[in-house]
Amino acid sequence: MSTTTNGLEDTTEKLIPTSLGLINVRVGGRDGGRPMVFWPSLMMDGAMWAYQYEHFAPTHRVVLIDSPGHGKSDALRKTIDLEDCSTVLVEILDALDIDRCVLVGNSWGGMLAGVFPAYHPDRTAAAIGINCTASLPTTFESIWATALATYLSLNSTMPALAAKAARRAFAGPSAEASNPEFVEYTKTVLRDDPKSVAWALRSILIGRKDEHRRLNTIRDVPVLIIAGEEDSQFPVHVVRKMADAIPGSTFRILPHTAHLAARENPAEVNAEIDTFLNALPTAA
């Protein structure tokens with residue numbers, strides 16, 4: 001194990017063997033606190049949750065995951081789906097001796113936060129999905145994601161075009177106008193393995209399934225779904241449809257916020273999560 005940097009100095013990193021190879025996790029926070037597990041967006045790693053870590057670590061045991069093919073996790077070289085990701089998450093929970101967790105995800109992680117309580121309700125104390133969808137990809141989304149995945153797969157290091165694609169996907173008008181730090185942060189995609197990101201694009205964006213029926217089977221797991229008003233990837237009506245499919249879920253819209261809400265607008269995201277968690281029964 002080794003310690004991290006970049007605002008996560010008091011976390012410990014660990015590589016956990018899973019059915020999708022070694023997955024890197026950062027673990028920290030309060031020993032004995034309710035476990036919170038964070039799964040990032042495609043093109044990002046667990047460090048995108050630094051502001052959530054800072055906020056929740058004093059009261060929770062916090063786990064930040066580098067999703068398959070991202071960060072320090074093993075490269076991704078095949079098509080996967082959200083059920084595979086759910087299995088990996090269970091393997092991570094088992095390795096860390098976590099019985100039930102509060103699962104928090106943005107985009108890819110938000111999709112997982114939606115389906116995980118359907119696959120594994122016994123392992124989910126609550127779930128929070130941010131900027132996520134349960135719908136099939138649109139034709140336009142399939143075309144651009146296929147083109148980007150094809151281009152990335154031809155490169156051994158991440159090309160500059162990927163940073164432009166990430167900026168277009170993640171930064172909305174408000175961030176472009178007044179949040180230069182966040183806009184600069186989107187360039188972290190340049191650290192990724194382009195071939196891994198290509199496989200993730202094919203899997204999570206292009207190859208995703210309609211999950212609304214599965215979400216409708218969720219029972220007795222509190223779920224919060226958050227949409228960004230300026231999210232061009234998964235617009236509010238798409239995220240709302242996902243929330244409507246989950247019985248008893250809570251739905252919130254963040255103004256002046258785009259696709260990577262947890263990193264662009266952490267104060268409001270953290271406040272929504274606090275309000276949601278504080279309303280849960282203590283045993284949840």
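I call a residue buried under 20% relative accessible area, exposed over 50%, and partly exposed in between (1.4 Å probe, protein chains only).

I am working on a predicted model, where local features need pLDDT of at least 70, side-chain atom pairs count only at pLDDT 80 or more, and totals for chains, interfaces and linings use all residues. I number residues from 1 along each chain as its sequence is written, and side-chain values use heavy atoms, with hydrogens and water left out.

**Salt bridges.** I took a salt bridge as a side-chain nitrogen of Lys or Arg within 4 Å of a carboxyl oxygen of Asp or Glu. By this rule I get 12 salt bridges.

I looked up Arg167 and found a salt bridge to Glu176, with the closest N and O atoms 2.8 Å apart. Arg167 is partly exposed at 38% relative accessible area, and Glu176 is partly exposed at 37%.

I then looked up Asp66, whose side chain meets that of Arg26 in a salt bridge of 2.9 Å, N to O. This pair links distant parts of the chain, 40 residues apart: Asp66 is in the loop between strand S5 (60–65) and H2, and Arg26 is in strand S3 (residues 21–29). Both Asp66 and Arg26 are buried.

**Helix H2.** Helices (H or I, at least four residues) and strands (E, at least two) are DSSP runs, numbered from the N terminus. I checked the length of H2 (residues 82–95): its 14 residues should span 20 Å at 1.5 Å a residue, and its end C-alpha atoms are 20 Å apart, which agrees. The expected span is 1.5 Å times one less than the number of residues. Among the buried residues of H2 I noted Leu82, Cys85 and Leu93. Just after H2, Asp97 has a positive phi of about 55 degrees.
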